[in-house]
Structures are given as C-alpha cells and as structure tokens.
Amino acid sequence: MKKSQVVIIGSGPAGLTAAIYAARANLAPLVIEGMEPGGQLTLTSEVENFPGFPEGIMGPELMEKFRKQAERFGATYKLGRVTKVDFSKRPLKLWVESEELAADSVIVASGASAKWLGIESENKFKGRGVTSCATCDGAFYRNMDVVVVGGGDSAMEEANFLTRFCSKVTIIHRRDTFRASKIMIERAQKNPKIQFITDSAIEEIRGEKDVDSVLIRNLKTKASQELKVKGVFVAIGHVPNTSIFEGQLDMHDTGYLKVKSESTETNVAGVFSAGDVHDFRYRQAITASGSGCRAAMDAEKYLEALHSA
C-alpha cells in the first residue's frame, strides 16, 4: 500500500488550490477527484468574478487551468469517490471505492452540494438559466425577470441581491409562511421589485436553448400558471459532502466540518478542511481557493513537525 504525504479529497477550487501549494512545497499531493472533477464550477457557464480574468472565463475552462497548474508542479490525480476513511491511527487511511490508500496528512475539500428541485427539466437548463448562486450569476440577468425558489434567509437574501440587476424577482415558496427571519422577510416585502407566489411549486422549466418560462402549480388549489422568466435561482439550501466523516471529524448539526479558530485544522491531527465543506457563509470560488491555500500551508507545517520529531 503506497503512502502519500498529502491526499486531497476534492477537485474544486479549494482542492486544486491546495494541490498547487502542496505540489510547490514538494509534497507530491494525490488529488482524489470524485466523480465530477472540477466541482460545482463545472456546472457554471461564464465566471466573471474570479480575479485575473477581466473578460470572464467559462467554469469548466477555469477548473482545467487549476488542474494543469497543480499537475505542472507534481500533483497527481485519481478519479473516483472516497467511500470510507479511518483517521483513528497512523498512517491515515482512505478507501477509493475498494482501493486502500494511506497518507501522512489529508485535506478534506469535498465541498457542499446545492439542493435542487428534483424535476426532470431542471437538469436540462443547469448553467443555461438554472443556478444556485445569485452572487455568481446575477449580473447575467440584467433587466430580466427571474424567480427565486425557497423560503429561508438565503432565498430572501438572493432575491434582494438580484434586484440590483433584474427587472422583477418572484419568490416561489411551497408554503404560505416563510422560514426566514422576520427582518429578512420585511426587507424583501418592502422591495418594490420583489413579488411572492406562495403555496406553490415549479412543475416544469421551459425553453428552447435557455430558460424562457416556468410552469407553477398551486399545491392547494392545483391551479397552474406559466410565468415568463429567464432565470431560475434555487435557494433551498446546501448539503456538505461530509457523511463519510461522521464519527471521525467534529461537525456542526448541519454537517459542516468544525475547524479550530484561525486555522484549517480539524479535531484530528493531520486532517485539514478547505472550502465549502466548512464554509457555510461565503461559498465562493475565490474564498474556497484561499481556504485551500491555507490548508496546504497548514499541512506543510504539520508535516515538517512530524518528520522532525
């Protein structure tokens, strides 16, 4: 069984930035890419808010640049999903499907997955009108009508943010009451660009190449209506990809990993966290990259101390 100095779980901005820094430190990191190499940015069309690309760049292209940069300095990649870990003893152990791996240190950058509506037409328009990030994609919908799906603080915040660009924002919620805090609801209600459709759900997303409209069904009356919109922002929450670490790494009730103050260290020595797997607030590519940098530097310091002991 071959042992790596650093194994990085995840190949999004956090994981690949960690790989760049770890590789430049001559740690020869092994990146477990998962089944969707590149993470959530591969589902995004044009990225306009990542520094260094004034004209914007396509999400998959940006992630390919990350990958090649890390590879240039000695990072290697393994396609597959980590199915089990054992962080109870040294060396740290991981299983990719049935293959056992060992490591002196591990950087967990497995990210968080957006919750989706689960309707067939949703997949067809992901990256072409259906998104889960207003901060990332809101500017593409300037002077257009859009909908936001959800009833929590995230939905209200996304809707208010979108009114900076959009002509009209309609919040669609399955119930007649909202989970959002009172102040967030009031802020949305006072915004003249925001309207509400309650007790309703999107039944179908329609369009040719891009989104043109949504079919909305009232869950009480069963009446339907078609709303002309160009964007569907799904804001019903995220789920951190941390289930395989339960019982081994400390996490919040929501499943996000806990890290020590001013550090990327978890409760297990030699295991570090990077990106959306612990960041439930910002969830941006640039903040994930910064976190990946920190995790790699923390891992480097840890390995220096380990090898000098």
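Which residues does Val234 touch, not counting residues up to four places away in sequence? Keep that in mind for point 1. The model is predicted.

1. **Val234.** Val234 touches Lys115, Trp116, Leu117, Glu122, Val130, Thr131, Ser132 and Val149, not counting residues up to four places away in sequence. Take Trp116 as an example. Val234 and Trp116 stand 118 residues apart in sequence, but their C-alpha atoms are 6.6 Å apart in space. Val234 itself belongs to strand E17, residues 231–234. Its relative accessible area is 3%, so Val234 is buried.

2. **Glu157.** Is Glu157 buried or exposed? Glu157 counts as exposed, because its relative accessibility is 52% and the cut-off for exposed is over 50%. Glu157 sits in helix H5, residues 153–162. Now look at Met184. Along the chain, Glu157 and Met184 are 27 residues apart, and 7.2 Å separates their C-alpha atoms.

3. **Helix H6.** Met184 is one of the buried residues of helix H6 (residues 182–190), together with Ile185 and Ala188. Looking down the axis of H6, the buried residues fall within an arc of 100 degrees, so they line one face of the helix. Lys182, Ile183, Gln189 and Lys190 are exposed on the other side of H6. What covers the buried residues of H6? The cover includes H5, strand E12 (168–172) and strand E13 (194–197).

4. **The nonpolar cores.** In soluble globular proteins, nonpolar side chains tend to be buried together. Here, the largest nonpolar core has 32 residues. Ile8, Leu62 and Ile107 have the most contacts inside this core. Strand E1 (3–9), helix H1 (13–24), helix H2 (59–72) and helix H7 (285–308) each supply at least two of its residues.

5. **Leu62.** Leave aside its neighbours within four places in sequence, and Leu62 is in contact with Leu41, Val47, Phe50, Phe53 and Ile57. Find Leu62 in the structure, then trace each of these partners.

6. **The second largest pocket.** How much space lies in the second largest pocket? About 270 Å³. The pocket is lined by 15 residues. Val259, His278, Asp279, Tyr282 and Arg294 are the closest of them to its centre. By class, the lining has three nonpolar, seven polar and five charged residues.

Technical notes:
Residues are numbered from 1 along each chain as its sequence is written. This is a predicted model: local features need pLDDT of at least 70, side-chain atom pairs count only at pLDDT 80 or more; totals for chains, interfaces and linings use all residues. Side-chain values use heavy atoms; hydrogens and water are left out. Helices (H or I, at least four residues) and strands (E, at least two) are DSSP runs, numbered from the N terminus. Buried means under 20% relative accessible area, exposed over 50%, partly exposed in between (1.4 Å probe, protein chains only). Contact means heavy atoms within 4.5 Å. The arc is that of the directions from the helix axis to the C-beta atoms. A nonpolar core is a set of buried Ala, Val, Leu, Ile, Met, Phe, Trp, Tyr and Cys residues joined through side-chain atoms within 4.5 Å. On a 1 Å grid over the protein atoms alone, a cavity is a set of points where a 1.4 Å probe fits but cannot get out, and a pocket is an open set with protein on both sides within 12 Å along at least five of seven lines; lining residues have an atom within 4 Å of a point. Grid points are joined across faces, edges and corners, and a volume is the space filled by probe spheres set on the points. Ala, Val, Leu, Ile, Met, Phe, Trp, Tyr, Cys and Pro count as nonpolar, Asp, Glu, Lys and Arg as charged, and the others, Gly among them, as polar.
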